[in-house]
8 protein chains.
Amino acid sequence: MHINVYLAGQIHDDWRTEIKQEAEKKKLPLSFFGPMENHDRSDNIGEEILGKQADPIAKDEAASQLNNLRTRLLMEKSDVVIAKFGESYKQWNSAMDASAAVTLGKPLILIRPKNLHHPLKELSERAQVTVETAEQAVKCLAYLFETD
Amino acid sequence: MHINVYLAGQIHDDWRTEIKQEAEKKKLPLSFFGPMENHDRSDNIGEEILGKQADPIAKDEAASQLNNLRTRLLMEKSDVVIAKFGESYKQWNSAMDASAAVTLGKPLILIRPKNLHHPLKELSERAQVTVETAEQAVKCLAYLFETD
Amino acid sequence: MHINVYLAGQIHDDWRTEIKQEAEKKKLPLSFFGPMENHDRSDNIGEEILGKQADPIAKDEAASQLNNLRTRLLMEKSDVVIAKFGESYKQWNSAMDASAAVTLGKPLILIRPKNLHHPLKELSERAQVTVETAEQAVKCLAYLFETD
Amino acid sequence: MHINVYLAGQIHDDWRTEIKQEAEKKKLPLSFFGPMENHDRSDNIGEEILGKQADPIAKDEAASQLNNLRTRLLMEKSDVVIAKFGESYKQWNSAMDASAAVTLGKPLILIRPKNLHHPLKELSERAQVTVETAEQAVKCLAYLFETD
Amino acid sequence: MHINVYLAGQIHDDWRTEIKQEAEKKKLPLSFFGPMENHDRSDNIGEEILGKQADPIAKDEAASQLNNLRTRLLMEKSDVVIAKFGESYKQWNSAMDASAAVTLGKPLILIRPKNLHHPLKELSERAQVTVETAEQAVKCLAYLFETD
Amino acid sequence: MHINVYLAGQIHDDWRTEIKQEAEKKKLPLSFFGPMENHDRSDNIGEEILGKQADPIAKDEAASQLNNLRTRLLMEKSDVVIAKFGESYKQWNSAMDASAAVTLGKPLILIRPKNLHHPLKELSERAQVTVETAEQAVKCLAYLFETD
Amino acid sequence: MHINVYLAGQIHDDWRTEIKQEAEKKKLPLSFFGPMENHDRSDNIGEEILGKQADPIAKDEAASQLNNLRTRLLMEKSDVVIAKFGESYKQWNSAMDASAAVTLGKPLILIRPKNLHHPLKELSERAQVTVETAEQAVKCLAYLFETD
Amino acid sequence: MHINVYLAGQIHDDWRTEIKQEAEKKKLPLSFFGPMENHDRSDNIGEEILGKQADPIAKDEAASQLNNLRTRLLMEKSDVVIAKFGESYKQWNSAMDASAAVTLGKPLILIRPKNLHHPLKELSERAQVTVETAEQAVKCLAYLFETD
């Protein structure tokens with residue numbers, strides 16, 4: 001059995017790499033998908049494809065159409081979603097993607113530092129598991145394949 | 001036709017009152033639902049019902065179970081969701097509830113100050129309408145009942 | 001049993017009035033819903049609520065957000081959809097609403113002049129019934145309540 | 001990850017070829033599906049299989065049964081739908097297929113010349129992205145696979 | 001709690017009356033719905049509304065569009081379906097309606113004489129209960145409201 | 001807003017009365033539904049309606065058809081499910097009904113004595129809230145209606 | 001694209017062979033599934049696995065559990081359903097399977113001799129296409145793969 | 001056609017091995033999935049990944065999050081579920097998983113010793129087939145692939 005994993009969350013550091021490396025070490029049959037990780041390109045993709053927009057809001061609207069196209073389609077094809085929250089950034093689209101996963105019935109693994117528990121308590125309650133590190137998240141996935 | 005409206009979002013100020021007053025002025029056939037607005041009680045409701053918990057995380061987990069019970073049940077019975085974002089607070093549960101509404105196929109009206117457009121761009125794109133004031137949100141609902 | 005009927009289609013003439021009058025004559029337990037029938041207001045509603053937009057496309061986008069909010073919410077609460085096509089206008093949103101009804105599993109009654117059969121053949125095939133006049137459409141609804 | 005794309009819309013010119021060529025240039029892992037592109041055969045397929053029908057309406061009904069069989073089945077197996085609108089033809093079945101995609105929760109990429117924005121505004125608002133050229137539509141799909 | 005009951009099955013004798021009388025005797029809070037019971041009208045309703053059709057098959061097609069409109073809409077609004085099979089008639093639309101109920105997740109109560117068990121065995125297995133008389137079917141519904 | 005509550009679980013003692021009394025004391029707008037609480041009748045209802053069965057297994061099968069008819073129909077019309085587990089009895093149908101509620105997306109409130117936590121841990125994890133007394137369960141429901 | 005086809009209907013003659021041969025002649029990428037075609041085994045499968053049953057009704061019940069297990073599982077994995085009706089046999093399970101397909105949203109191709117149109121009119125109306133021969137049914141499937 | 005089978009139920013003895021061996025003997029195209037069968041690890045997996053918990057209830061909660069992650073994800077990817085009940089243990093999570101399968105529309109094969117029929121009667125009624133031995137369960141699956 002092969003499992004598709006969507007990695008939702010901020011794109012300012014390379015936490016996805018750590019997840020992928022842990023999975024590779026364990027030789028797990030996983031494929032990973034996620035948002036565009038080049039932050040500038042993610043912000044500019046609307047104008048890159050559709051051309052110069054009227055103002056910053058129109059530029060943002062255009063970019064978000066492309067980013068949401070990607071998220072909807074790749075999450076739909078995934079079996080489980082991992083969402084990571086950190087200290088910085090508003091991360092409202094991380095919360096949006098995590099909640100979409102839960103509402104679609106896809107199990108959510110939430111990664112967050114312990115001190116963020118209070119503002120994330122409702123999302124954590126809806127997640128299937130809440131962990132603190134990428135390594136723990138990969139152990140959750142490894143458990144799917146272990147037999148003893 | 002009577003419409004149920006769920007008012008998602010932060011509970012630190014009384015933005016819901018303004019919505020309700022605008023709706024009353026227009027005599028719209030709307031009922032409003034939402035989270036517990038007493039912030040302390042919302043944080044303590046877990047221990048209030050289930051008793052003293054082992055630590056702050058367990059206390060938060062217990063409270064969020066009750067808050068999510070309320071949100072799930074009342075949102076399920078609502079026809080449309082209004083979510084408000086402001087300058088303060090992390091508002092991750094606001095984003096969670098707004099995204100749940102969209103994923104359940106319930107139209108979302110997003111209220112946010114213009115300057116928050118960038119971090120909210122993906123959520124705004126999935127909303128049915130994005131406005132800046134409570135008055136505008138009520139006008140959106142009023143339009144449902146107008147015939148000329 | 002009370003039935004809610006959504007009247008999709010163009011808003012340039014008053015075909016909805018004829019439907020409602022026929023239903024009233026037969027004293028059928030029906031409630032009718034539909035789009036904003038004031039054509040200018042339907043085109044301007046975005047700017048009316050959200051303020052002046054940057055260009056005609058942004059104005060159209062804003063108006064369609066409000067019009068689609070109305071259609072989604074009222075169609076969701078309806079049991080059956082009647083869509084009327086005529087000789088004039090492109091009527092792409094009529095086709096959009098009719099198809100949404102079919103895909104949502106709501107029975108569609110299509111009204112069209114006989115000579116439009118060819119371009120409407122695929123939509124007609126997905127409709128539950130295709131008729132030529134408002135009076136026939138109301139007879140279809142009356143049949144729901146008759147016992148001999 | 002392999003993506004299936006349904007190409008809805010008129011069958012009078014070969015716009016689908018341009019899409020496929022752009023995708024091939026970029027070596028994207030896409031498969032394309034769509035309606036019968038031989039216009040005469042699409043109109044005659046009912047009589048071709050079921051034999052001579054009583055009148056032109058019955059002939060159209062028979063043809064549309066086969067065309068809708070094809071559309072329903074191939075769209076169901078597709079992950080994303082591209083619909084193209086042009087200046088000519090009524091294109092009501094294009095609008096029907098585009099709306100079916102949206103209602104089924106499949107992301108829709110709408111291609112239309114800028115000057116058609118007004119009559120397509122409600123459909124454009126429900127689409128995930130609206131573009132003007134086949135090249136832009138393919139760039140939207142390419143973005144799904146890019147990582148920086 | 002009020003329960004809506006759809007009475008599927010043949011319309012050649014008045015078995016529905018017996019059901020309704022039994023329910024009335026027990027003063028159960030039930031509403032009953034079902035197909036047009038005037039057999040001739042059921043066969044002719046297509047031509048009655050749409051006018052003379054080209055041949056008997058077209059006449060049947062037209063009638064069945066109206067009959068299915070009625071069945072779909074009334075069954076959708078019902079909580080439970082009773083289907084009766086007897087010795088006479090092919091009763092394929094009875095089997096169709098009974099199976100639609102099961103597939104929609106609505107509990108099916110099947111009434112059939114004991115000697116028809118073999119040809120109905122697969123349908124009986126998918127029914128929630130199989131009984132032999134109208135009185136037994138009503139007792140099943142009465143049980144929903146009894147507390148001791 | 002009125003809320004329907006299904007009370008799943010064993011029928012050997014009158015725990016449902018306590019729930020109803022607590023709700024009445026608080027004047028909550030709740031309606032309660034549940035299984036037949038007369039244990040003998042619940043076991044005999046199959047033979048009561050369908051007549052003497054061939055053996056105890058056939059008698060059980062007949063009774064369970066009626067009991068499941070009741071559970072499916074009443075749970076479908078409920079907004080929230082309370083399931084109670086105690087020290088005695090196997091309570092497999094309690095677990096079945098509780099799990100059906102969760103899988104249908106209806107929030108589950110689980111009541112169990114603390115010492116049963118281990119064998120109920122997986123069900124407790126899927127419940128929205130786990131409490132130890134009927135009074136606590138009613139407080140959870142009361143919280144839905146409180147505003148400060 | 002590979003298509004799975006479920007062949008519902010009576011198992012007294014070998015109409016499925018003709019379908020498969022026509023498909024093979026055209027080299028269509030189709031896989032076919034269907035019920036147990038050995039009629040005696042289909043009737044006895046319950047006792048074959050579960051042992052001697054108490055009476056003919058219990059034997060039928062047991063057999064139908066196995067036959068329905070097969071039908072549900074194989075139809076769920078199919079993209080399109082072909083159902084054949086003939087002059088003989090009651091064929092209520094054929095109607096049941098055909099209706100389940102329609103209600104599940106899977107396109108139905110109905111094969112029936114012309115003279116059976118009247119009793120099958122409601123089922124024919126819900127089918128995507130109605131044909132008279134196996135060869136015609138295969139032509140419908142071939143059309144899915146043809147491009148001009 | 002390849003079928004995925006989820007083996008729900010207690011993990012105290014090796015009944016799954018017998019199922020797998022029977023399937024292998026018959027060379028059936030089946031893949032089997034199920035819970036962690038190492039009982040101690042299943043109880044400790046929460047603390048293994050998340051670290052020491054505050055008390056036994058928190059330890060159980062953590063373990064059940066991982067166990068339910070596994071069950072939800074693997075059951076979702078399975079076509080049919082086999083659940084086994086025995087004389088020992090409470091087996092409430094077996095009942096939970098069996099009921100989840102039924103509610104998700106996945107056919108359930110229930111294995112239980114005959115003498116457990118009474119407490120399992122409601123679950124047995126919702127199962128597609130109830131058998132007494134692993135060998136019988138595998139025969140049910142074998143029947144899916146047999147043609148005469």
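**Entry 1: α2 of chain B against α6 of chain F**

I started with the residues where two helices touch: R41(B), S42(B), I45(B), I49(B) and L50(B) of α2(B) meet Q136(F), K139(F), C140(F) and Y143(F) of α6(F), contact being heavy atoms within 4.5 Å. I sorted the residues of this contact by class and got 5 nonpolar, 2 polar and 2 charged. Here Ala, Val, Leu, Ile, Met, Phe, Trp, Tyr, Cys and Pro count as nonpolar, Asp, Glu, Lys and Arg as charged, and the others, Gly among them, as polar.

A note on the source: this is a predicted model, where local features need pLDDT of at least 70 and side-chain atom pairs count only at pLDDT 80 or more, while totals for chains, interfaces and linings use all residues. Residues are numbered from 1 along each chain as its sequence is written, chains are lettered from A in the order in which they are written, and side-chain values use heavy atoms, with hydrogens and water left out.

Next I looked up the geometry. Helix α2 (residues 39–50) of chain B packs on helix α6 (residues 134–143) of chain F at about 160 degrees, with the axes 9 Å apart; helices are DSSP runs (H or I, at least four residues) and strands are E runs of at least two, numbered from the N terminus. The axes are lines fitted to C-alpha atoms over the stretch in contact, and angles run from 0 to 180 degrees between N-to-C directions. That angle makes α2(B) roughly antiparallel to α6(F) (over 145 degrees).

**Entry 2: α2 of chain G against α6 of chain H**

I then checked chains G and H. The axes of α2(G) and α6(H) come within 9 Å and cross at roughly 160 degrees. That makes α2(G) roughly antiparallel to α6(H). R41(G), S42(G), I45(G), I49(G) and L50(G) meet Q136(H), K139(H), C140(H) and Y143(H).

**Entry 3: α1 of chain E**

I asked which residues of helix α1 (residues 15–25) of chain E are buried. They are W15(E), R16(E), I19(E), E22(E) and A23(E), with buried meaning under 20% relative accessible area and exposed over 50% (1.4 Å probe, protein chains only). They cover an arc of only 125 degrees around the axis, which puts them on the same side of α1(E); the arc is that of the directions from the helix axis to the C-beta atoms. Q21(E), E24(E) and K25(E) are exposed on the other side. Among the elements covering the buried residues I found β1 (3–9), β3 (80–84) and α6 (134–143) of chain E. Just after α1(E), K27(E) has a positive phi of about 50 degrees.

**Entry 4: chains that stay apart**

Chains B and E do not touch, and their nearest C-alpha atoms are 18 Å apart. Chains D and F have no contact either, with closest C-alpha atoms 20 Å apart.

Note on methods: Angles under 35 degrees count as roughly parallel, over 145 as roughly antiparallel, 65 to 115 as roughly perpendicular and the rest as oblique.
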